[in-house]
Amino acid sequence: MVNANLIFGGIEGGGTHSWIVLMDGKGNKIAEVEGPSTNVLLLGLTECFRRLQQLVHDAKKQAHLPNDTVLEALGLCLSGCEEDKKNRELEETMLAQYPDLARHVIFSSDTHGSIATGSPKGGIVLISGTGSNALLVNPDGSTFRCGGWGHMLGDEGSGYWIAARGVKILFDEDDHLIDPPHSTDTLRTLVYKHFELKDRFGMLHHTYTSFQKQNYASLAAEISKAAAEGDAMCALIMYEGGYKIGRHISALSRNINTDLLTCDTGLPIVCAGSVWKSWEFLQEGFIEGVKPHLEKDEIIPKLNLLRLTVTSAMGATYLAAQRAGYDLPRDYSKNVFSIFTHVQPPSVCTLQQQKRTSLSLSSELIIGKANAKTNGKINGGTNGTSSSTVNIC
């Protein structure tokens, strides 16, 4: 039953800024306010909670609500809130410290908020901005992730990765470790201009002494621009970036619920981050990346890439209503638009089946030879001294 008097709130909390949305019980947005970072890991609990309370206060003011209005539920999708156990502890702490803020509270990751904004039954959010990350949310609520480990351990396909890839190609060429397949003249000009270098030794300052990930990552936009202008080396780097982003999807494929895989409109993938602005130059590599590459990877028959048209604070609001057991009216068609739909060709399905058959036969051969070798040693012989390897793409 619709109750227009109920007020629900949702907050998208990032490392640089945050957004809060308030909606009434009919699903109408009555306030939207921008605020500062609310990353609990960077700010600490006290300051983070203070900022969250201030955001709610500012939103109620914009909506012309009395300051003592208690929200029916508040959803908080914040960067740094990745662990379920810690999120439950945050919920208990907030309800204890701010009992008049909301009757129900739910903490979750900012990636979860993006999926909740764009798809009613779950899906994947694929982030490629300064860093990269992917989160799968199945219809049953189970979650799986790939990436999100930072530039030292991951960030494949991100703005940082694309920039670092360009720099590394130049270093490897100068060290005569590789012969790049295309001229690096344009790439070299971009890198030297971006970092204001006189020689390559100056790059060490930006990489180690005074490393700024955002500055590094911003080079990716210039590489993309050069690709658009026809530079083959920069185009290849963008292709590789697309491939790396796509591999996040193939890595998650083994855990995707059947209902999502068989969705008529395709597996919903919410794309977030500035690198997606260069989709034209990522596309070919991405399509190759989403194909099965490992034994347990599954074929994704159809996928649908979506971009949000609203803040993911909307999704946080939906999660809040769900926590309160309220069916909040919503129109997902207003929240997203499709940038690309892809159907895997039959040849991919056939190739995957052949690969699995070959892998199975090769594995049996290895086991058989290993057993023969073991038996030979037990019997005093030297059978099975050779071995086969399984080559998995």
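Six strands make up an open sheet with mixed pairing, running in the order β8-β7-β6-β9-β10-β11. Strands here are DSSP runs of E with at least two residues, helices are runs of H or I with at least four residues, and both are numbered from the N terminus. Two strands count as paired if DSSP finds at least two bridges between them. This is a predicted model, in which local features need pLDDT of at least 70 and side-chain atom pairs count only at pLDDT 80 or more, while totals for chains, interfaces and linings use all residues. Residues are numbered from 1 along each chain as its sequence is written, and side-chain values use heavy atoms, with hydrogens and water left out.

**The sheet and its helix**

- β8 (143-147) and β11 (336-343) are the edge strands; each has a single partner strand, so one side of each has no neighbour in the sheet.
- From one strand to the next, the twist averages 20 degrees; axes are lines fitted to C-alpha atoms, for helices over the stretch in contact, and angles between N-to-C directions run from 0 to 180 degrees.
- β6 (residues 123-128) pairs with β9 (residues 267-272) in the parallel sense, over four bridges.
- In that pairing, Val-125 stands opposite Val-270 in β9.
- Helix α12 (residues 279-289) packs on the sheet and touches β6, β10 (302-308) and β11, its direction making about 40 degrees with that of β11; contact means heavy atoms within 4.5 Å.

**The chain as a whole**

- The chain has 14 helices and 11 strands.
- Of its 393 residues, 45% are buried, where buried means under 20% relative accessible area, exposed over 50% and partly exposed in between, with a 1.4 Å probe and protein chains only.
- Taking contacts between residues at least 6 apart in sequence, 70% join residues at least 24 apart.
- The accessible surface comes to about 19700 Å², with 52% of it belonging to carbon and sulfur atoms; areas come from the Shrake-Rupley method with a 1.4 Å probe, and for residues only the protein chains shown count as cover.

**Nonpolar cores**

- A nonpolar core is a set of buried Ala, Val, Leu, Ile, Met, Phe, Trp, Tyr and Cys residues joined through side-chain atoms within 4.5 Å.
- The largest core has 48 residues, and Leu-187, Val-191, Ile-269, Phe-286, Leu-303 and Leu-305 touch the most other members.
- Leaving aside residues up to four places away in sequence, the contacts of Phe-286 include Leu-126, Tyr-243, Ile-249, Trp-276, Leu-303 and Leu-305.
- Another core lies apart from the largest one and has 26 residues, among them Phe-49, Leu-74, Leu-90 and Leu-101.

**Salt bridges**

- The count is 17 salt bridges, each a side-chain nitrogen of Lys or Arg within 4 Å of a carboxyl oxygen of Asp or Glu.
- Asp-155 and Lys-213 form one, with their closest N and O atoms 2.6 Å apart.
- Asp-155 sits in the loop between β8 and α5 (159-174) and Lys-213 in helix α8 (residues 213-217), so this pair ties together parts 58 residues apart in sequence.
- Asp-155 is buried at 3% relative accessible area, whereas Lys-213 is partly exposed at 23%.
- Asp-297 forms another with Arg-254, the closest N and O atoms being 3.0 Å apart.
- That pair links the loop between α12 and β10, which holds Asp-297, to the loop between α10 (232-252) and α11 (258-261), which holds Arg-254.
- Asp-297 is buried at 0% relative accessible area, while Arg-254 is partly exposed at 36%.
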